[in-house]
Amino acid sequence: MIAVSLFFSFTLIGIISFFTIKKATHTLTLIFLLMVIEFFFTSFISVIVDNAKLWTVTQSTRYLIMFRVTEVVVFPLLLLWYIELVKRGSSISKKLMISVFWVGVLVGVEAILSHVHIFTYEKWKVWGSIIVWFTFLSFLQILQGLFCRILFKEGISK
């Protein structure tokens, strides 16, 4: 029970800190990316868990709730933080280091969830997660750039 309360405490701290820091990314871009993240990430988890049976989620109610909160809140929040950090990065090498570090953070969160048996890998390896996260982060960067270009053309952003 302590793990559940710690999990929700850290989630709330993360949400509060995300909304209180000054953003380098335009608010409309963050909203757009949040919708894209939610759509693609929940679809990805649905395919991995329900259709392909590569992961098995524990049937315990509290762990299932923790898994769903992680899916809908924690990972999207971490991905939006990534976009913020990369936006503040000045050079390509800094952005690449941020990307490598952030993939490590995302895989680490996934490993913690697996370690406490919230879900288990069935036919999945860690390198699969690394590839998926690099692909997803690259996809988000491309979408963020395209959406910022649209905002600039419309005169909404500078």
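Reader: Where do Glu71 and Arg68 lie, and how many residues apart are they?
Author: Both are in helix H3, three residues apart, about one turn of the helix. Helices (H or I, at least four residues) and strands (E, at least two) are DSSP runs, numbered from the N terminus. This is a predicted model, in which local features need pLDDT of at least 70 and side-chain atom pairs pLDDT 80 or more, while totals for chains, interfaces and linings use all residues. Residues are numbered from 1 along each chain as its sequence is written, and side-chain values use heavy atoms, leaving out hydrogens and water.

Reader: What do the side chains of Glu71 and Arg68 do?
Author: They meet in a salt bridge, with N to O at 2.6 Å. The term means a side-chain nitrogen of Lys or Arg within 4 Å of a carboxyl oxygen of Asp or Glu.

Reader: Is Glu71 buried or exposed?
Author: Glu71 counts as buried because its relative accessibility is 6%. Arg68, at 35%, counts as partly exposed. Buried means under 20% relative accessible area, exposed over 50%, and partly exposed in between (1.4 Å probe, protein chains only).

Reader: How many salt bridges does the count come to?
Author: Two, by this rule. Glu84 pairs with Arg88, their closest N and O atoms being 3.4 Å apart. Glu84 and Arg88 also lie in helix H3, four residues apart, about one turn of the helix. Glu84 is buried, with a relative accessible area of 3%.

Reader: What about Glu110, and how far away is the nearest side chain of opposite charge?
Author: Glu110 is buried and has no salt bridge; the nearest side chain of opposite charge, Lys125, is 13 Å away. For charge, Lys and Arg count as positive and Asp and Glu as negative, with His and the chain ends not counted. Glu110 sits in helix H4.

Reader: What is Glu110 in contact with, leaving aside neighbours within four places in sequence?
Author: Trp55, Phe75, Phe119, Tyr121, Trp124, Ser129 and Trp133. Contact means heavy atoms within 4.5 Å.

Reader: How many cavities of 30 Å³ or more does a search of the whole structure find?
Author: One. On a 1 Å grid over the protein atoms alone, a cavity is a set of points where a 1.4 Å probe fits but cannot get out; a pocket is an open set with protein on both sides within 12 Å along at least five of seven lines; lining residues have an atom within 4 Å of a point. Points are joined across faces, edges and corners, and a volume is the space filled by probe spheres set on them.

Reader: Which residues line the largest cavity?
Author: Phe41, Ile45, Trp55, Phe67, Thr70, Glu71, Phe75, Glu110, Leu113 and Phe119. H2, H3 and H4 each give two or more residues to the lining, and H3 has the largest share, with four. The lining divides into seven nonpolar, one polar and two charged residues. Ala, Val, Leu, Ile, Met, Phe, Trp, Tyr, Cys and Pro count as nonpolar, Asp, Glu, Lys and Arg as charged, and the others, Gly among them, as polar.

Reader: What volume does the second largest pocket have?
Author: About 270 Å³. Its lining has 15 residues, and Phe18, Phe19, Leu34, Leu77 and Leu80 lie nearest the centre. The elements with two or more lining residues here are H1, helix H2 (27-51) and H3. This lining has 11 nonpolar, two polar and two charged residues.

Reader: Switching to backbone: what is phi of Lys53?
Author: Near 55 degrees, a positive value in a residue other than glycine. Lys53 is in the loop between H2 and strand E1 (55-57). His117 is not a glycine and has a positive phi of about 65 degrees. His117 lies in the loop between H4 and E2, and it counts as exposed at 51% relative accessibility.

Reader: Last one. Where is Lys123?
Author: In the loop between strand E2 (119-121) and helix H5 (126-154). Lys123 is exposed, with a relative accessible area of 63%. The C-alpha atoms of Lys123 and Leu28 are separated by 38 Å, and the two residues are 95 residues apart along the chain.
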